[in-house]
Amino acid sequence: MGVALSSVVAFLPPELGSRLQFGWTISVHILFASLSIGLAPFIVYFTWKDVHQGDERYARLREFWVSIFAIGFVMGTVTGIPMSFQFGTNFPVFSEVAGELIGGPLAFEAKMAFFLEAVFLGVLLFGRERVSDRTYVLSSVLVGIGAWLSGFWILVVNAWMQTPQGFELVERNGRTIAQLTDPVAAFLTPRFPWMFTHMMNAAVIAVALGVAGISAYFLWTNRDAVEWATALRLAIVILLISAPFQAIHGDAYARHVENTQPQKFAAMEAHYDTGQADLHLIAIPANPDALLDPRAENLWTISLPGVGSYLASGGDADAEILGLNEYEESPPVALVFWAFRFMVGLGFLFIGLALWGGTLLWRGSLTESDRFLEAMMLASPLGFVAMLTGWYVTEIGRQPWVIQGILQTDEAVSTSLTSGEVTITLVGFVVLYLALIGAFVYVLASLVESEQSRLTDHESGHDSVWESLPVVGSDD
Amino acid sequence: MTDVGTLASDTLFGLPLADIWFGLVFFILGMFLFLDGFDFGIGILFATRDEKHEREQLLAAITPFWDGNEVWLVVFGGALFAAFPAVYANLFSRHYLLMFAILGALILRGLAPEMYEQREDKPWQKWWGRAFIVGSFTAPFFLGIFIANWLLGTMALITLPGVITGLMVVALTVVDGVAFLRLKTRNELRDDVRADGFRALILYLILVVLTLGVVYITAPELQSALLSPLVVGLVVVNLVLTGIYAVATSFNRYYAAFVANAGLVFTLVSIIGSLMYPYIDRVEGLTVDEAIVSTLPLNIMSIGAALLLPLIFLYFGVLYSVFSGPIKVDESY
C-alpha cells in the first residue's frame, strides 16, 4: 500500500478493521443462516401438508415460502463462503492455535450440512415435476436437517471458544497451539447445550415473527386470504411456545454464564465492584454518559437489591458476584450492557405479542383486529434484531479474549495485514453486503407484491364471513 | 510444555494419512474446478449469446446445480483448515486481497443470475447479465492466480506466471462449460457452442504449455520435479485428453467429451499437487508431514471423510439424475 493511502486510513488499524469486518460479515450471514434454520420446519410442514393432503392452502404457502427460503439460501451461501475464509485471512494466529479444535467441526459442517442443504434444495425448488411425492417431501426434510446440522457444528465451534476444554497447550513449529486430547469434551463443551438451544429457538422465534408479519400484511389488505390466516395461526401457536421458553431458558443460561464467564456476566450487568449484585429491571440513561458508560450513577434504574446475586447463584441474595474492576481489561461494557437490555426487552415484547395473539386465537378473532395485524407487521423484523443483539452480548462480552482465557483477540490477528488492505476489504464488504440485503429485500417485496395481486384477483367480490373459512379451501 | 514437532505417527491402520489428506485437498480443489468450472464456463459463454431464449437456456442448464457445486470450495477451505491449519492460516492471510477478490467474484456470480431473472426489462437484464459474466470470468481467473502463487511460493499479488495460470484456468472452464452445455441441450445451441469449445481448447493448450514453460524458467527449485517421470506422464495424459476432447466434440460424442474434460481438470490439479509435494507451503518451508495436524484429530477427520464422502457422491448422484437429460426452460417450481 502506498504511503498516502496508509496515512489516510491510519485510523483503522488492522486489528480493529478485522474485527469490524468479521462482525459485519457475520451479522449479515447470521440473518440469512437463521432464516434457513427457522424456516426449515415451516417448509417441511407446508410441503408435507400440501403433498399428502393435497390442500390448496398449503400448496400456496409452500410455493411462497420455498421461494423465500431459496433466495435466503443463496444469500446464506454467498455470505457464508467468506466466513470460512476469514479465519485464515484475518485471524491466522487464531486459526493456527485453534486449528485442531475447530478445523474439524468446520469441515464436518461443510461435508455434513452444506452439501445436504444445497443439493436437496435444488430438488425442492426445481424438481416438483421430476420426483415422486415421497422423494419431494423427503427432500424438504433433508434440506431442514442440513440447515440444523450446520447450526450444530458452527455452535460447537463457538461454544468451544467460550468454554474451551478437551485440549492441551503444546509447542508446534515454534508456536504454542491447542492440541486436541479429548474430542468428546472439545465438541460438547459446557456452553454448547445452552447456546444451541438458545440460538435454534431464537431462529424459530425470528422466523415465526417474520411469517406472522407477512401473513398479517396479507390479511390486513385482504381478509379473505384463508391460506394466510392458516399461516398466521401456525406462527402464533409457535410463538406461544417458543417465546416464553426463550425467557425461562435465557434466565438459566445467564446463570451458566455467570459461573463460566463471570467477566461477561459482569459486563452484561455493568457490575464493577465485587459483591452483592442488584438486578436492574429497567435501566434508562440518566445522562448522555450512560450510553458509553452505563455505571449505576449514570442510570435511572428500577432495581431489585440482591436479586442479581440471587439469580446468578441460584438462590443466594448475598452471593458475591465478581465485578469488572477485578480484571485488567474489560470488554466494551456499554455495548454489552445495552445489547443485553435490548435483547431481553424484545424477548418480553415477543411474549406479549404471542399472548395477545393467543387470546385473539382463543376467541376466534385473530384476523379481525387491525391493531393486532399492524403490531405483527411492525414486529416482523424484530426477532432478527433480538438475535443479533444476543450475539453481540455473546461475542463482545467475551472480549478481550477470542478463546476465553487462552488467546486474546489482539494476538489473533494477522501480523502481515496492513491498514490499507483491511480498509479496502471492509469497504468492499459493506458495499457488497448492503447490495445483497437490498437485493434480498427487493426480491422479498416483489414476491409479496405478486402474492398480493394474486389474492386480489382471486378473491375480489368475495365478502365471506371469516369464522366459516378455516375448513374451506380457497376457490382457485 | 512439550515440543511435539512432526506428528505423522500412530495413524489409523498405519495409513500415510498426511499424504492422503494432501491428495484429498487437491482432489476437492479438482471437484470444485470441474463442477463449478462448467458453471463459470457457461457464465462466460453468456457473453456470446444475445438471444433471450438462448440466455435462458444457459441459466437453466446450471440453476439446480451451481449452489451445490460451489460447496466444494467451502470444503476445500474446511479440509485445508482441518488437516493443515498452519497452511490455511499462512496461505490465506498471505494472499489477503486475492482471497477477497475470489470471494467478491463468487458473490457477484451467485447474486447476478438470481437478480437477472427477477425482472424482464432490458437495462436490468443487460446489467445483471454483465455482472454474471464478470463474476464468472474473474472467479476462475483469480483462483488460477491463487493456485500459481501457492505453488510458486509467491508473496506478490499479481505476477506473470499467476496471470497466465489464471487465463489457463478460465480457458479450461469454458472447455468444461461447452462440454456440459452440449449434454444439456438438444437444439441449435448445441451445435453453435461447438466452435467455442474448440477455440477455448486451443487457448487452453497454448496457455498450459506457456504456464509450464514460465514455471520452468521462473522457479528453478521446481525444475527437477517438472522433469520427473510422474509429472511428464501427467502432462502427456493431459495433452492426450485434449486430443480426445477435440475428437469427441467433432464427432458429437457428448459424454466422451465430458469425461475427457473431467480428466483434463483432474490431471491438471494432479500436476500442480505433484509439483508442490512434499512441500505444502514453500514460503514457510512447511512440508506435508510438518504441517499435518496431530494424530487424534487427523484420525477423527479421516473417519469422518471416509463415511461422508460416499454420502456426498450419493447426493450428487441423486441431484444429477433427477435433473438429467435436456433442460426445459419453462420448468420451475
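**Close-up views of a predicted two-chain model**

**View 1. Transmembrane regions recorded for chain B.** In the unreviewed UniProt entry, the feature "transmembrane region" is placed at residues 20-48, 69-89, 132-152, 158-181, 201-219, 225-247, 254-280 and 300-323 of chain B. The model shown here and in the views that follow is predicted. For residues 158-181 of chain B, the figures are 92% helix and 0% strand, with 32 Å between the end C-alpha atoms.

View 2. Asp36(B) belongs to helix 1 of chain B, which comprises residues 17-45. The relative accessible area of Asp36(B) is 0%; because a value under 20% counts as buried, this residue is classed as buried. The side chain of Asp36(B) forms a polar contact of 2.9 Å with the side chain of Arg109(B). When neighbours within four places in sequence are set aside, the residues in contact with Asp36(B) are Met31(B), Trp66(B), Asn69(B), Glu70(B), Leu106(B) and Arg109(B).

**View 3. The crossing of helix 2 and helix 8 within chain B.** Helix 2 (residues 52-62) and helix 8 (residues 188-218) of chain B have axes that come within 11 Å and cross at roughly 80°. Angles of 65 to 115 degrees count as roughly perpendicular, and the two helices of chain B are therefore described in this way. Helix 2 of chain B contributes His53(B), Glu54(B), Gln57(B) and Leu58(B) to the contact, while helix 8 of chain B contributes Glu188(B), Leu189(B) and Asp192(B). By class, the residues of this contact between helix 2 and helix 8 of chain B are two nonpolar, two polar and three charged.

**View 4. The crossing of helix 3 of chain A and helix 4 of chain B.** From helix 3 of chain A, Ser84(A), Phe85(A), Gln86(A), Phe87(A), Gly88(A) and Thr89(A) meet Tyr88(B), Ala89(B), Phe92(B) and Ser93(B) of helix 4 of chain B. The residues of this contact between the two chains comprise five nonpolar, five polar and no charged.

View 5. Most peptide bonds are trans. In chain A, Gln399(A) and Pro400(A) are joined by a cis peptide bond with omega of about 5°. Pro400(A) is located in the loop between helix 14 (382-396) and strand 5 (401-403) of chain A. In chain B, the peptide bond from Tyr277(B) to Pro278(B) is cis, and its omega is near 5°. Pro278(B) occupies the loop between helix 11 (254-276) and strand 1 (279-281) of chain B.

View 6. Most residues other than glycine have a negative phi. Ala270(A), although not a glycine, has a positive phi of about 50°. Ala270(A) is found in the loop between helix 9 (262-268) and strand 3 (279-285) of chain A, and is buried, with a relative accessible area of 10%. Asn252(B), also not a glycine, has a positive phi of about 55°. Asn252(B) lies in the loop between helix 10 (229-250) and helix 11 of chain B, and is partly exposed, with a relative accessible area of 28%.

How values were computed. Residues numbered from 1 in each chain as written. Chains lettered and ligands numbered in written order. Predicted model: local features only at pLDDT ≥ 70, side-chain atom pairs only at ≥ 80, totals over all residues. Heavy atoms only, no water. Helix = DSSP H or I, 4+ residues; strand = E, 2+ residues; numbered from the N terminus. Buried < 20%, exposed > 50% of the residue type's maximum accessible area, 1.4 Å probe, protein only. Polar contact = N/O pair within 3.5 Å; in protein donor to acceptor, adjacent residues only side chain to side chain. Contact = heavy atoms within 4.5 Å. UniProt positions renumbered as here; feature names shortened; annotations may be inferred. Axes fitted to C-alpha atoms, helices over the stretch in contact; angles between N-to-C directions. Parallel < 35°, antiparallel > 145°, perpendicular 65-115°, else oblique. Nonpolar A, V, L, I, M, F, W, Y, C, P; charged D, E, K, R; others polar.
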